[in-house]
Amino acid sequence: MENGTIRKEILAEHDRLRAALAAIEAELARSAGGDEAAQHAQLKKFLTAFLKHVDHEEQLLGPVLKELDAWGPQRLAQLQTEHFEQRAAAVRLATLHAASPQEWAAQVRSFANRLREDMAAGLEPMKPFKQFKPQTAPT
C-alpha cells in the first residue's frame with residue numbers, strides 16, 4: 001500500500017472515530033442520568049472500534065515509520081507508547097465504576113477530549129507521507 005493511501009485510510013478512520021465520539025457526547029448531553037445501560041453499551045462499542053483502529057494503525061504505520069527517515073524508529077516508538085497509554089485509558093474507562101452517572105459522563109468526556117487531542121497531534125508523524133517520494137537510483 002502506498003504511503004498516501006495509508007495516510008488517507010488512517011485519516012478516514014480518525015474521522016469515523018471523531019463522529020462516534022460526538023454521538024456519544026451528544027447522547028450524554030441529551031440524556032444526563034438517562035438510560036445508563038444504553039450509554040455504556042454505546043461506549044463499549046466505540047472502545048472496541050477504537051482498539052481495532054489502534055491495532056490497524058500500528059500494522060499500517062509500523063513498517064513505513066521504521067524506514068521513512070532517520071527519525072523513523074523514534075517515531076514508531078512514540079506511536080507505540082501513545083497507543084499503549086490509549087489502550088490503558090480505554091480499559092480503565094471500560095471498567096470504570098463511578099460514584100455517579102455525572103462522574104462517569106465527565107470521565108467519558110475527558111477521555112474523548114484527550115483522544116481528539118492525540119489524534120490531532122498524531123498527524124504530525126504522518127506529515128512526511130505527503131512529501132515522501134521513493135528515491136530512485138541514479139542512472
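Student: Which element gives the most to the lining of the largest cavity?

Tutor: H2 gives the most, with five residues. Helices (H or I, at least four residues) and strands (E, at least two) are DSSP runs, numbered from the N terminus. A cavity, on a 1 Å grid over the protein atoms alone, is a set of points where a 1.4 Å probe fits but cannot get out; a pocket is an open set with protein on both sides within 12 Å along at least five of seven lines; and lining residues have an atom within 4 Å of a point.

Student: What sort of model is this?

Tutor: This is a predicted model, in which local features need pLDDT of at least 70 and side-chain atom pairs count only at pLDDT 80 or more, while totals for chains, interfaces and linings use all residues. Residues are numbered from 1 along each chain as its sequence is written, and side-chain values use heavy atoms, with hydrogens and water left out.

Student: Back to cavities. How many does a search of the whole structure find?

Tutor: Two of 30 Å³ or more. The largest cavity has a volume of about 120 Å³. Grid points are joined across faces, edges and corners, and a volume is the space filled by probe spheres set on the points.

Student: Changing topic. What is in the largest nonpolar core?

Tutor: The largest nonpolar core has 19 residues, and those with the most contacts inside it are Leu43, Phe46, Phe50, Val108, Phe111 and Leu115. Helix H1 (3–30), helix H2 (36–68), helix H3 (72–94) and helix H4 (101–122) each give two or more residues to this core. H4 gives the most, with seven residues. Apart from this core lies another, of eight residues, among them Ile6, Ile10, Leu60 and Val64.

Student: What counts as a core?

Tutor: A set of buried Ala, Val, Leu, Ile, Met, Phe, Trp, Tyr and Cys residues joined through side-chain atoms within 4.5 Å. Buried means under 20% relative accessible area, exposed over 50%, partly exposed in between (1.4 Å probe, protein chains only).

Student: What does Leu43 touch?

Tutor: Ile24, Leu93, Trp104 and Val108, not counting residues up to four places away in sequence. Contact means heavy atoms within 4.5 Å.

Student: How many aromatic pairs does the structure hold?

Tutor: Two. Phe46 and Phe50 form a stacked pair, 6.2 Å centre to centre with 10° between the planes. Because they are four residues apart in helix H2, Phe46 and Phe50 are separated by about one helical turn. Phe50 and Phe111 form an edge-to-face pair, 6.2 Å centre to centre with 90° between the planes. This second pair links distant parts of the chain, with Phe50 in helix H2 and Phe111 in helix H4, 61 residues apart. Rings of Phe, Tyr and Trp (its six-membered ring) pair if their centres lie within 6.5 Å; planes under 30 degrees apart count as stacked, over 60 as edge-to-face and the rest as tilted.

Student: Is Phe111 buried or exposed?

Tutor: Phe111 is buried, with a relative accessible area of 5%. Phe50 is also buried, at 1%. Ring pairs link Phe46, Phe50 and Phe111 into a cluster.

Student: Last one. What does Glu58 touch?

Tutor: Pro63, Leu79, Gln80, His83 and Arg87, not counting residues up to four places away in sequence. Glu58 is in helix H2 and counts as partly exposed, at 22% relative accessibility. Its C-alpha atom is separated by 8.5 Å from that of Leu76, 18 residues apart along the chain.
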